[in-house]
Amino acid sequence: MTGSGPSLNVGIWQDAGMPGDIAANLASISKATERASERGVDLLIFPECYLTGYFNGNAVERIARQVDRDTVLELQATARSSAIAILVGYYEATESGIHNSAMLIGADGRILANYRKRALFGEWERLVFTPGGGPAFADYRGIRISVLICLDIEFPEFARECARNGADLIAVPTSLMEPYGHIVDRLVPARSIENQVYVAYANRIGREHEMHFVGKSVILDPEGAELARASCDLPELICADISKSTLSAARSGFSYLGEVSRIRKSVEF
């Protein structure tokens, strides 16, 4: 039950995708979006770099250049045809470099936000990607959505920034791999609890080179409770309702943001 006020059915498509094969991944996104539409999903979130593949070795720039205007138009058409907003991770080629990005497209096909990952993981990411420069927010059907990517959510500063800017939902495309499976079980729920926001953590499955991705995508409520959880190794669509009224109820008795504002005068954060 979502109660009164704005609400959204949020879905996560957990899958491996095809590294380096944009055409195949566009087809997968289209099929997943159509399936989600049949389930009544309003917003469908895909894993980190799902459109391009996460790890493509030395081919990152070549693949990033393939994400052209026609690619974006096809994503927009997919969102429109199923009347669903989609959040898709991809390589973004810009004059400043290649970014690990995620594009939020509304059900009408309009681009609502584009976020560039700021906390780059490991030597390979720092070598091939340029970090982003700021947050991204979008108001969609009465719900304020913020986007972080993978490692970003592991820093409390980024999640708190989202909350301070009024986020109701933090959407997190990710490619979480072993031996870091504990992150989704322990750390991600803490971000939801300490900021009293919904978190949708969209992970991938399968293997690339020596990397084994752990799946376990999850949608959490403002108290860290699991509304939906995927397996560790299967392609799955999970979804859950989120609502403004539940957020208001969670924050009415005790507000972490309110307490931070009160005590920060005497404590340095």
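I took a salt bridge to be a side-chain nitrogen of Lys or Arg within 4 Å of a carboxyl oxygen of Asp or Glu. The model is predicted, so I note that local features need pLDDT of at least 70, side-chain atom pairs count only at pLDDT 80 or more, and totals for chains, interfaces and linings use all residues. Residues are numbered from 1 along each chain as its sequence is written, and side-chain values use heavy atoms, with hydrogens and water left out.

I searched the whole structure and found 14 salt bridges.

I looked up Asp185 and found a salt bridge with Lys216, with 2.7 Å between the closest N and O atoms. Asp185 lies in helix α6 (residues 182-195) and Lys216 in the loop between β11 (211-214) and β12 (218-220), so the pair ties together parts 31 residues apart in sequence. Helices (H or I, at least four residues) and strands (E, at least two) are DSSP runs, numbered from the N terminus. Asp185 counts as partly exposed because its relative accessibility is 35%; buried means under 20% relative accessible area, exposed over 50%, partly exposed in between (1.4 Å probe, protein chains only). I also noted a network of salt bridges that links Asp185, Lys216, Glu226 and Arg229.

I then checked Glu194, which forms a salt bridge with Arg191. Arg191 is buried at 7% relative accessible area, whereas Glu194 is partly exposed at 21%.

Last, I traced an open sheet of six strands in the order β5-β4-β3-β2-β1-β14, with mixed pairing. Two strands pair if DSSP finds at least two bridges between them. The edge strands are β5 (111-116) and β14 (236-243).
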